[in-house]
Amino acid sequence: MRVFIADYGVDVVDYLKQIVEDLGYIAVGCTDKNAFTEILSREAFDLVILDWTIRTGDNMPLLAWMNRSLPTRPPVIMMAKRSAKRDITEALNAGADDYITKPESRNVIAARINALLRGNAVGGTFDTEVIYGAYKMDRLEQSVTINGQTVILTAKEFELAEMFFKNTDRTLSRNYIMQTIWRTTASLATRTLDMHISRVRAKLALRPENGFRISTVFGYGYRLETAH
């Protein structure tokens, strides 16, 4: 799982990254106010930890921007040097999933991170079938039905297809895909990624006439786009 950490303080980001990595998760930190929205727009994350005071280039609070701009907003932990109840209430009403007052102990922060990531992974009911346009995905059989025809995919192909559908119209970096599906970023494995994407594109007939297409973003990654 991947965690995005946004804070103006380098020491805070480094501290939180170490906690996240010690938990066995992937941490991406950012202290550059001009890069916050760019990273969140192009990368998918399972959790975001951000400073209460961070604002976007147009002076909109970052959390408000996430609610408005991201197709699927991940859970958010707000952090700030505040303890007043009204500040906590304001953060939660703005959409934050949890609130931590700085400074806080390593154990408490780790527990909060684990709780949100576990809840996001297992919360709610597990739908054995999900539908994306003309595509019906059967998670138990690892198959996809389109136009009345059922296509059987390998485990990795199914994971890859589901990842793309969940992130429709978002560009996914090669590193993110490799980390999430293959748990590695080794350059030697990139040919495996390209081969699997080619197979998924062909097997699922991801073409405009079926509502979706996979585009290559040169030098960066791939994007499943809705074809209008």
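Predicted model: local features only at pLDDT ≥ 70, side-chain atom pairs only at ≥ 80, totals over all residues.
**Exercise 1. Packing of α6 and α8**

Find how the axes of helix α6 and helix α8 are oriented, and which residues meet.

*Solution.* 
- Locate the helices: α6 covers residues 155–166 and α8 covers residues 190–203.
- Take the geometry. The two axes come within 10 Å and cross at roughly 75°.
- Apply the range above: α6 and α8 are therefore roughly perpendicular to each other.
- List the contact. On the α6 side stand K156, E157, L160, A161 and F164; on the α8 side, H196, I197, R199, V200 and K203.
- Sort by class. This contact of α6 with α8 holds five nonpolar, one polar and four charged residues.

**Exercise 2. The rings around F165**

Classify the aromatic pairs Y132–F165 and Y135–F165, then place each residue in the fold.

*Solution.* 
- Count the aromatic pairs: there are six.
- Take Y132 and F165. Their ring centres are 5.0 Å apart and the planes lie at 10°, so this pair is stacked.
- Y132 sits in strand β6 (residues 129–132) and F165 in helix α6, 33 residues apart.
- Check burial against the cut-off of under 20%. Y132 has a relative accessible area of 18%, so Y132 is buried. F165, at 4%, also counts as buried.
- Turn to Y135 and F165. At 5.3 Å centre to centre and 45° between the planes, the pair is tilted.

Note on methods
Residues numbered from 1 in each chain as written. Heavy atoms only, no water. Axes fitted to C-alpha atoms, helices over the stretch in contact; angles between N-to-C directions. Helix = DSSP H or I, 4+ residues; strand = E, 2+ residues; numbered from the N terminus. Parallel < 35°, antiparallel > 145°, perpendicular 65-115°, else oblique. Contact = heavy atoms within 4.5 Å. Nonpolar A, V, L, I, M, F, W, Y, C, P; charged D, E, K, R; others polar. Phe/Tyr/Trp six-rings, centres within 6.5 Å; stacked < 30°, edge-to-face > 60°. Buried < 20%, exposed > 50% of the residue type's maximum accessible area, 1.4 Å probe, protein only.
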